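Work through the exercises below with the structure open beside you. Try each task before you read its solution.

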Amino acid sequence: MVVQPATYAQARGYEYFYHCCFEPVFGGSQFKWIQPLIVQLGEQDDAVTTAVAALSSIHEASFCPSQGRQPIRQPGNRPQALKVKPATDLNKSVAATTAYGMSVRALQKTIDQRGRTSVPTALVCCILYAALNMVQCDYDGAVRHIEHGLGIVAKEQSIERSGGKPCLPGWSATAANSAMSTLVSGFQRLTIAAFFYGRTETLLREQIATAASPRITQCLGGISFRDIDEARTSLTSVAGSTLKFAAEVIIYQQGGTSPPLRRIRERDKRLEYLYSWHAALLSITAASDNRMTKGPNVRMLQLVLESQLLALVVLLRTSLDLDESGYDECFDEFRQILVLCQEYIVIYSSSSASTELPRETDSFTFDMEILPQLWLIGKKCRHRQYRRWGIDLLQKYHRKEGVWDPALICNLAKRTMEIEETNLSPTHSSLPSNLDRLWTVDLDSRYAKGSLAIFAYKPVALGGRGLSWEEMILTETQ
């Protein structure tokens with residue numbers, strides 16, 4: 001390996017990271033580019049090396065518990081390490097805490113000594129720290145690291161737009177295809193993760209933007225992509241813009257006022273773009289079918305992109321509605337999402353079962369895959385068959401995705417369904433009345449064993465029941 005960590009613990013952390021941690025956590029996602037960055041920056045920054053050791057220790061303690069075995073090979077250049085017994089789960093957790101503290105101190109020292117030239121290191125560390133917190137179920141801590149990184153990116157882009165130089169030669173935060181562009185795109189996607197966690201203000205406040213590929217922006221008559229990775233990067237920008245629009249126009253629903261014509265036209269224009277985007281994705285999938293579907297990861301990526309795009313269509317179509325009935329017009333999109341997510345779970349379960357790694361190591365991925373789409377169905381799809389189909393998929397899927405826990409989402413979807421169908425006959429296929437539909441279902445404080453959920457009906461002033469309450473939703477084993 002290129003990086004030569006200073007201690008055995010760090011060396012073993014790197015070995016575990018590359019053999020057991022990187023692929024399930026980052027490898028199949030938009031963040032797979034972090035591996036070469038870790039190698040490059042780890043040569044000169046202890047902050048990165050110790051952050052990797054911390055993430056490896058907590059990942060192994062959480063998903064590969066000690067059972068008298070060591071699931072990875074020892075560092076080849078340290079024969080004496082073969083005599084070291086596998087660490088206990090408690091020791092791994094202690095090692096993770098120690099390495100995390102060392103990394104934070106090293107990062108602060110690097111920032112103090114090198115100023116803006118330490119920006120790439122700081123951004124990579126923010127991602128590693130966020131991943132570590134997610135594994136620990138410290139989602140508040142993970143979002144704080146994400147927001148810290150977003151602030152750094154926004155500041156760098158502001159400096160460059162004002163005529164300042166990049167933090168390092170070749171590391172422009174505003175140019176396409178620079179060494180920094182992948183980091184910028186990654187944090188733009190993490191803005192969406194923060195939004196779904198409940199930090200709407202983060203999406204509205206941060207002004208970071210990726211430099212779009214000229215191939216995409218110049219196709220005024222339509223959209224085209226060179227490959228599936230370009231489509232993935234593009235969808236991040238599209239999703240951020242769509243969700244920001246939805247967050248801005250929610251004031252009309254909350255106030256019970258009809259949206260102005262300009263907002264309706266803007267929504268319709270955005271919908272046209274989403275439909276064009278969907279057609280472009282299907283086009284590259286069909287044109288390169290043999291080449292693109294050889295491996296399960298590529299097919300899973302296609303399924304993720306298409307299902308996420310359809311979820312955005314649903315959110316955009318209903319963004320200006322004054323009640324919940326608009327979701328009933330999206331049953332076809334909900335059904336398509338379910339078909340795509342079902343195929344994803346089948347491929348995931350098959351590929352996970354065939355891997356040589358301990359199955360538990362594939363129980364967490366840093367990126368969002370299918371859980372946001374399934375949660376949208378659990379919360380807003382009142383079609384009784386489709387909603388139960390979504391819950392069934394959640395019961396079969398056991399991988400955490402960033403701040404999303406399938407057990408928590410599954411139990412919350414069940415409780416939402418129970419509340420809304422209270423007045424329906426078990427054998428009747430009718431939909432809940434608008435009066436019986438929940439206006440708000442949100443997660444508040446999250447803990448390792450569950451989350452506080454907020455339920456609310458439509459306010460009385462807008463013709464609803466006006467009731468709201470809190471319940472604890474547990475993440476019990478499915």
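**Exercise 1.** With which residue does Glu420 form a salt bridge, and how far apart are the closest N and O atoms?

*Solution.* This is a predicted model.
Step 1. Find the partner. Glu420 forms a salt bridge with Arg382. The closest N and O atoms are 3.0 Å apart.
Step 2. Glu420 sits in helix H17, and Arg382 in the loop between H15 and helix H16 (384-396). The pair links distant parts of the chain, 38 residues apart.
Step 3. Check burial. The cut-off for buried is under 20% relative accessible area. Glu420 has 1% relative accessibility, so Glu420 counts as buried. Arg382 has 0%, so Arg382 is buried too.
Step 4. Look for shared partners. Salt bridges join Glu324, Lys380, Arg382, Arg387 and Glu420 into one network.

**Exercise 2.** Which residue forms a salt bridge with Asp328? Are Asp328 and that partner buried or exposed?

*Solution.* 
Step 1. The partner is Arg437, with the closest N and O atoms 2.8 Å apart.
Step 2. Asp328 is in the loop between helix H13 (296-317) and helix H14 (331-354). Arg437 is in the loop between helix H17 (406-420) and strand E3 (438-447). They are 109 residues apart, and the pair links distant parts of the chain.
Step 3. Asp328 and Arg437 are both buried.

**Exercise 3.** How many cavities of 30 Å³ or more does a search of the whole structure find? Which residues line the largest cavity?

*Solution.* 
Step 1. Start with the idea. A probe the size of a water molecule, rolled over the atoms, shows where empty space is left.
Step 2. Count. The search finds three cavities of 30 Å³ or more. The largest cavity holds about 60 Å³ of space.
Step 3. List the lining. It is made of Phe31, Met134, Arg189, Leu190, Ala193, Phe366, Asp367, Met368, Glu401, Gly402, Val403 and Trp404.
Step 4. Sort the lining by type. Eight residues are nonpolar, one is polar and three are charged.
Step 5. Find the main contributor. Helix H7 (residues 181-196) gives the largest share of this lining, three residues.

**Exercise 4.** What does Asp367 form with Arg189? Why does the pair tie together parts of the chain?

*Solution.* 
Step 1. Asp367 and Arg189 form a salt bridge, and their closest N and O atoms are 2.7 Å apart.
Step 2. Asp367 lies in the loop between strand E1 (364-365) and helix H15 (371-380), and Arg189 lies in helix H7, so the pair ties together parts that are 178 residues apart in sequence.
Step 3. Both Asp367 and Arg189 are buried. Both are also among the residues that line the largest cavity.

**Exercise 5.** Where does Asn133 lie, and which side chain does the side chain of Asn133 join in a polar contact?

*Solution.* 
Step 1. Asn133 lies in helix H5 (residues 119-135).
Step 2. The relative accessibility of Asn133 is 5%, so Asn133 counts as buried.
Step 3. The side chains of Asn133 and His145 are joined by a polar contact of 3.3 Å.
Step 4. Leave aside neighbours within four places in sequence. Asn133 is then in contact with Asp138, Tyr139, Gly141, Ala142 and His145.

**Exercise 6.** How many helices and strands are there in the chain? How many salt bridges does a search of the whole structure find?

*Solution.* 
Step 1. The chain has 17 helices and five strands.
Step 2. The search finds 26 salt bridges.
Step 3. Of the 478 residues, 54% count as buried.

Technical notes: Residues numbered from 1 in each chain as written. Predicted model: local features only at pLDDT ≥ 70, side-chain atom pairs only at ≥ 80, totals over all residues. Heavy atoms only, no water. 1 Å grid on protein atoms, 1.4 Å probe; cavity = no way out; pocket = protein on both sides within 12 Å on 5 of 7 lines; lining within 4 Å. Points joined across faces, edges and corners; volume = space filled by probe spheres on them. Helix = DSSP H or I, 4+ residues; strand = E, 2+ residues; numbered from the N terminus. Nonpolar A, V, L, I, M, F, W, Y, C, P; charged D, E, K, R; others polar. Salt bridge = Lys/Arg side-chain N within 4 Å of Asp/Glu carboxyl O. Buried < 20%, exposed > 50% of the residue type's maximum accessible area, 1.4 Å probe, protein only. Polar contact = N/O pair within 3.5 Å; in protein donor to acceptor, adjacent residues only side chain to side chain. Contact = heavy atoms within 4.5 Å.
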